[in-house]
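Morning, everyone. Let me put the model up, and then we'll go through some helix packing and the ligand site.

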Amino acid sequence: MKISVIGAGYVGLVTGCCLAEIGHEVVCTDNDPAKLKVLESGGLPIYEPGLDRVIENARKDKRLRFLSDPGETIRSGDAIFICVGTPPLPDGDADLSAIDNVARLIATEARSPKLVVEKSTVPARTGQELKRALAVYGRKSGVELRVASNPEFLREGTAVGDFLHPDRIVVGVEDETAEKQLREIYRPVIERSFQCPIHTPKCPNGPAPSFVVTTINSAELIKHASNSFLALKISYANMVADLAEKLGADIEEVTQAMGMDPRIGSTFLKAGLGFGGFCLPKDLQAFVHLAERSGVDFSMLKEAEKINHGRIERFYEKVREMLWVIRGKQIGVLGLAFKANTDDVRFSPAIDMIRHLLAQGARIRAYDPEAVERAKAILPEIEYAKSPYDAAQDSEALVIATEWDEFRKLDWERVQKAMVRPLILDGRNLLSPKEMKARGFEYRCFGRASANA
Ligand SMILES: NC(=O)c1ccc[n+]([C@@H]2O[C@H](COP(=O)([O-])OP(=O)(O)OC[C@H]3O[C@@H](n4cnc5c(N)ncnc54)[C@H](O)[C@@H]3O)[C@@H](O)[C@H]2O)c1
């Protein structure tokens with residue numbers, strides 16, 4: 001099928017590249033000329049493991065093109081995937097102006113029937129507004145524009161695998177044609193009939209993804225309700241961690257055993273600096289707004305948000321307790337991205353934590369395997385290190401702020417030699433307190449009484 005993708009960010013690029021990978025003809029655009037320039041010249045403006053291989057395949061087979069002309073992009077596809085950003089407004093509600101702009105463009109530029117697919121995360125009832133906008137702006141053309149919701153559940157860092165091997169594909173539709181078209185688009189994924197670019201020679205066995213057909217309102221609600229639930233889970237684990245610390249228990253032991261219960265599940269139970277990124281914080285806020293607007297008291301979500309904000313202060317207390325005076329001291333920071341395996345620093349707890357330390361007069365020397373360039377754009381006032389050892393050099397403490405795997409396996413003797421004081425403050429519970437103490441480090445983390453005694 002011919003598919004247009006509007007918005008070439010994390011979701012748009014993964015969507016466009018993966019749809020091309022499974023055999024569709026994809027044209028993609030973005031209103032950021034710098035991003036398009038990188039893409040048109042054969043590069044990738046984001047770091048996402050495996051995406052380089054997928055985009056290379058698609059380019060080689062001429063199934064993926066990038067265009068700066070949005071009108072031409074819209075006219076190229078039978079289905080148009082809207083993948084633009086929906087950032088938070090100052091009051092936390094979702095800013096849907098990019099969706100509105102795209103609706104206007106589609107309505108005025110389309111010359112043949114289109115299926116308009118909301119892939120961006122939007123509050124419930126946005127599809128209804130989108131339909132209205134398309135009808136209003138497109139009233140002169142008379143072109144048939146159907147709307148569907150197809151929320152995206154991919155996670156940065158594992159996005160290609162998540163897209164090609166999802167647990168479920170949710171489609172919110174109002175007519176059979178839209179359902180048929182979406183089923184056709186995802187057929188290779190549902191039937192696993194594509195040549196998988198990440199698993200060679202063959203994908204691991206597992207259940208085929210469920211194709212879940214709902215109303216548009218339900219599909220939109222599924223996405224916000226899912227992300228808010230994940231946020232709740234993380235905040236819950238963080239509260240249990242605080243309690244474990246007071247009671248002399250170990251949060252890692254507790255959550256590991258909790259997670260073995262299939263009713264609970266082991267993911268999103270990690271205690272630490274809390275959640276960040278472009279999804280959970282903003283989706284939680286937007287969901288709170290939606291509930292308030294709808295007259296539903298969903299204050300438990302506000303509590304989850306408050307707990308999450310409080311993690312930075314909680315961590316800072318540990319830093320202060322260990323360093324006593326912070327002003328003038330150099331602190332090394334490992335990790336800037338909001339999570340491992342991405343270069344995304346949007347709403348990153350690592351960045352929040354650095355800002356907190358800077359406000360108290362600390363000097364920061366930070367390292368991240370992929371996110372330094374993005375961090376420089378929003379945090380020019382700190383020093384950037386070339387390696388974890390360079391970040392440790394002459395530091396009085398080394399903070400682990402992102403759970404990159406490489407931070408688990410450092411040459412700790414080298415780290416120790418580089419530091420002024422061998423103090424590790426592990427904001428992601430990445431290391432073993434026992435091992436770190438045996439190596440001669442002072443070590444602090446979340447929810448492990450033995451480490452924090
Ligand atoms: N990042 C994730 O992990 C993830 C996962 C699931 C869902 N989502 C949702 O997907 C949406 C996009 O997220 P993202 O992380 O890809 O954001 P992003 O900021 O990386 O990408 C959005 C892109 O849209 C472009 N854009 C904005 N307005 C435009 C317009 N009028 N015309 C053309 N391009 C335009 C921007 O330049 C940008 O490149 C959001 O609603 C987000 O909540 C994100």
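Which residues in helix 9 meet which residues in helix 11? Before I answer, some ground rules. This is a predicted model, so local features need pLDDT of at least 70 and side-chain atom pairs count only at pLDDT 80 or more, while totals for chains, interfaces and linings use all residues. Residues are numbered from 1 along each chain as its sequence is written, and side-chain values use heavy atoms, with hydrogens and water left out. Helices are DSSP runs (H or I, at least four residues), numbered from the N terminus.

Now the answer. From helix 9, we have Leu221, Lys223, His224, Ala225, Asn227, Ser228, Leu230, Ala231 and Ile234. They meet Leu280, Asp283, Leu284, Ala286, Phe287 and Leu290 in helix 11. Contact here means heavy atoms within 4.5 Å. By class, that is ten nonpolar, three polar and two charged residues. Ala, Val, Leu, Ile, Met, Phe, Trp, Tyr, Cys and Pro count as nonpolar, Asp, Glu, Lys and Arg as charged, and the others, Gly among them, as polar.

Now the geometry. Helix 9 (residues 216–247) and helix 11 (residues 280–293) pack at about 115°, with axes 9 Å apart. Axes are lines fitted to C-alpha atoms over the stretch in contact, and angles run from 0 to 180 degrees between N-to-C directions.

Helix 9 has another partner. Helix 6 (residues 126–137) packs against helix 9 at about 130°, axes 8 Å apart. That makes helix 6 oblique to helix 9. Under 35 degrees is roughly parallel, over 145 roughly antiparallel, 65 to 115 roughly perpendicular, and the rest oblique. Thr126, Gly127 and Gln128 of helix 6 touch Ile216, Asn217 and Glu220 of helix 9. The classes here are one nonpolar, four polar and one charged.

Next pair. The axes of helix 12 (residues 299–323) and helix 13 (residues 349–359) come within 10 Å and cross at roughly 50°. So helix 12 is oblique to helix 13. Their contact has seven nonpolar, one polar and two charged residues.

On to the ligand. Which of the 26 residues around the ligand come nearest? They are Asp30, Lys35, Thr86, Glu156 and Lys282. Around means a heavy atom within 4 Å. A polar side-chain atom of Glu156 lies 2.7 Å from a ligand nitrogen. The backbone takes part too. A backbone N or O atom of Val11 is 2.8 Å from a ligand oxygen. For Tyr10, a polar backbone atom lies 3.0 Å from a ligand oxygen. Polar contacts are pairs of N or O atoms within 3.5 Å.

That's my tour. Over to you.

Definitions and conventions:
Helix = DSSP H or I, 4+ residues; strand = E, 2+ residues; numbered from the N terminus. Polar contact = N/O pair within 3.5 Å; in protein donor to acceptor, adjacent residues only side chain to side chain.
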